[in-house]
Structure formats: structure tokens, C-alpha cells
Amino acid sequence: IFGTTPFGWRLMPFLFGVMTVPMVYLFARKISANRRYALIASLLMLTDFMRFVLSRLSMIEVISGFFILLVYYLLYSYHCERLA
């Protein structure tokens, strides 16, 4: 969309880095069923500066980390549905 510019290279890792925080909140809420623990987990993710640096430097590890977390969330949801 933005071409081969530094902004275009950094946009998607930035967006995935931002989306990681709500994903951590949802996953922690699913595991613990407690809003307080989910908020603590998401606040810890917000203070994780490695994720911030990787998303700022346009490293693709942020994107793979988001999808790994998404897969864990979906597998845990599927597992909980099968047990119920």
C-alpha cells in the first residue's frame, strides 16, 4: 500500500505489535477467567520493551509471535469447548 518506503516496511510489524497486547488480554482472560489477572498480563506485555523494539525496527518476529499467540488462544478455546 505504501510502497517500498521505510514507513511501508514498518507499518505491518507495528500493527501486529499493537495487536499483541489485546491478544494477551484475551488469552489470559480465557485461562484465568479473572479480569484482574488479564489486566496484569496485558500490562506486563505493555512493559516488554523487546516487543516494542522489534516492532519499531520492522522485524518479522513480532508477526510470527502474534500468530503463535493466536494459535495458542484458538487451541485452548477448542480444547475447552471439547471438554464442556
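This is a predicted model: local features need pLDDT of at least 70, side-chain atom pairs count only at pLDDT 80 or more; totals for chains, interfaces and linings use all residues.
Student: What does the C-alpha trace span along its principal axes?

Tutor: The C-alpha trace of the protein chain spans about 50 × 25 × 15 Å along those axes.

Student: How do I read the word "buried", and what percentage of the residues count as buried?

Tutor: Buried means under 20% relative accessible area, exposed means over 50%, and partly exposed lies in between (1.4 Å probe, protein chains only). Of the 84 residues of the protein chain, 23% count as buried. Ile31, placed in helix 1, counts as partly exposed at 47% relative accessibility.

Student: Where is Ala33, and is it buried or exposed?

Tutor: Ala33 sits in the loop between helix 1 and helix 2 (35-46), and it is exposed, with a relative accessible area of 63%.

Student: How many aromatic pairs does the structure hold, and how should I read one?

Tutor: Rings of Phe, Tyr and Trp (its six-membered ring) pair if their centres lie within 6.5 Å; planes under 30 degrees apart count as stacked, over 60 as edge-to-face and the rest as tilted. The structure holds five aromatic pairs. In one of them, the rings of Phe16 and Phe67 have their centres 5.4 Å apart and their planes at 50°, so the pair is tilted. Phe16 lies in helix 1 (residues 6-32) and Phe67 in helix 4 (residues 61-83), so the pair ties together parts that are 51 residues apart in sequence. Phe16 is buried, with a relative accessible area of 11%, while Phe67 counts as partly exposed at 40% relative accessibility.

Student: Which kind of pair do Phe27 and Tyr73 form?

Tutor: Phe27 and Tyr73 form an edge-to-face pair, with 6.4 Å centre to centre and 85° between the planes. This pair links distant parts of the chain, with Phe27 in helix 1 and Tyr73 in helix 4, 46 residues apart. Phe27 is buried, and so is Tyr73. Elsewhere, Phe16, Phe66 and Phe67 form one aromatic cluster.

Student: How do helix 1 and helix 3 cross, and which residues make the contact?

Tutor: Axes are lines fitted to C-alpha atoms, for helices over the stretch in contact, and angles run from 0 to 180 degrees between N-to-C directions. The axes of helix 1 and helix 3 (residues 49-56) come within 8 Å and cross at roughly 155°. That makes helix 1 roughly antiparallel to helix 3, given that angles under 35 degrees count as roughly parallel, over 145 as roughly antiparallel, 65 to 115 as roughly perpendicular and the rest as oblique. Contact means heavy atoms within 4.5 Å, and here it is made by Arg10, Pro13, Phe14, Gly17, Val18, Thr20 and Val21 of helix 1 and by Arg51, Ser55 and Arg56 of helix 3. Ser55 touches Arg10, Pro13, Phe14, Gly17 and Val62, not counting residues up to four places away in sequence.

Student: Which residues make up the largest nonpolar core?

Tutor: A nonpolar core is a set of buried Ala, Val, Leu, Ile, Met, Phe, Trp, Tyr and Cys residues joined through side-chain atoms within 4.5 Å. The largest has 10 residues: Phe16, Val21, Met23, Val24, Phe27, Met45, Val62, Phe66, Leu69 and Tyr73. Helix 1 and helix 4 each supply at least two residues of this core, and the largest share, five residues, comes from helix 1. Met23 touches Phe66, Leu69, Leu70 and Tyr73, not counting residues up to four places away in sequence.

Terms used: Residues are numbered from 1 along each chain as its sequence is written. Side-chain values use heavy atoms; hydrogens and water are left out. Helices (H or I, at least four residues) and strands (E, at least two) are DSSP runs, numbered from the N terminus.
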